[in-house]
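User: I'm new to this one and would like to know where the labels come from. Can we go through them one by one?

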Amino acid sequence: MYNTIVTAGRLASDTEMREVSSNKVCKFRMCISSNRAKEPCFIDVEMWGRQAEIAHEHLEKGRLILVQGEIRYSSWENEGKQYSKMFISGNNFTFLGGAKDADSETAQKAVKTAVAAGTDEDIPF
């Protein structure tokens, strides 16, 4: 199967670093809504290994970035209730613009470029 996502947005939270089985993981939340959206769309992102270290060192709330990765699903139980969520397991990220005052056109151009780089021939079906 082909599972990939490329999205641009602003960090809605500062990064959180943890160590899991001697491997580092950096977690943060992004807002990936367009300026015209009536409701904001937030998604959690996990980066692992060296990418996690770089993300934790350089990313902060409000920073505009482009993330490439895979959509993952997680489910768990807490006090008898079932919970689940979708999140991005990031392979890499790119800084876009400045921190909080970056131009949103830059993000849109970057997404269009990234999407245009892939063709229908890349999809294995």
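This is a predicted model: local features need pLDDT of at least 70, side-chain atom pairs count only at pLDDT 80 or more; totals for chains, interfaces and linings use all residues.

User: What makes Asp44 count as buried?

Analyst: Buried means under 20% relative accessible area. Asp44 has 17%, so the label is buried. As for its place in the fold, Asp44 is part of strand β4, which covers residues 42-48.

User: Which residues does Asp44 touch, leaving out those up to four places away in sequence?

Analyst: Phe28, Arg29, Lys85, Phe87 and Ile88. With Lys85 there is also a side-chain link: a polar contact of 3.0 Å.

User: Why is the 3.0 Å link between Asp44 and Lys85 called a polar contact?

Analyst: A polar contact needs a pair of N or O atoms within 3.5 Å, one able to donate a hydrogen and the other to accept it. The side chains of Asp44 and Lys85 are joined at 3.0 Å, so the distance falls inside that cut-off.

User: How do you know that Ser89 is buried?

Analyst: Its relative accessible area is 8%, and the limit is under 20%, so Ser89 is buried. Ser89 sits in strand β6, residues 81-95. Setting aside neighbours within four places in sequence, its contacts are Glu46, Trp48, Gly69, Glu70 and Arg72.

User: And what makes Ala55 buried?

Analyst: Ala55 comes out at 0% relative accessibility, which is under 20%, so buried it is. You'll find Ala55 in helix α1, residues 49-58. Beyond residues up to four places away in sequence, Ala55 touches Thr15, Cys26, Phe28, Met47 and Phe93.

User: How many aromatic pairs does a search of the whole structure find?

Analyst: Two. In one of them, Trp76 and Tyr83 are 5.9 Å apart centre to centre, with 15 degrees between the planes.

User: What makes Phe93 and Phe95 an edge-to-face pair?

Analyst: Their centres are 5.3 Å apart and their planes are at 85 degrees.

User: Are Phe93 and Phe95 buried or partly exposed?

Analyst: Phe93 has 11% relative accessibility, under the 20% limit, so it is buried. Phe95 has 35%, between 20% and 50%, so it is partly exposed.

Technical notes:
Residues are numbered from 1 along each chain as its sequence is written. Side-chain values use heavy atoms; hydrogens and water are left out. Rings of Phe, Tyr and Trp (its six-membered ring) pair if their centres lie within 6.5 Å; planes under 30 degrees apart count as stacked, over 60 as edge-to-face and the rest as tilted. Buried means under 20% relative accessible area, exposed over 50%, partly exposed in between (1.4 Å probe, protein chains only). Helices (H or I, at least four residues) and strands (E, at least two) are DSSP runs, numbered from the N terminus. Contact means heavy atoms within 4.5 Å.
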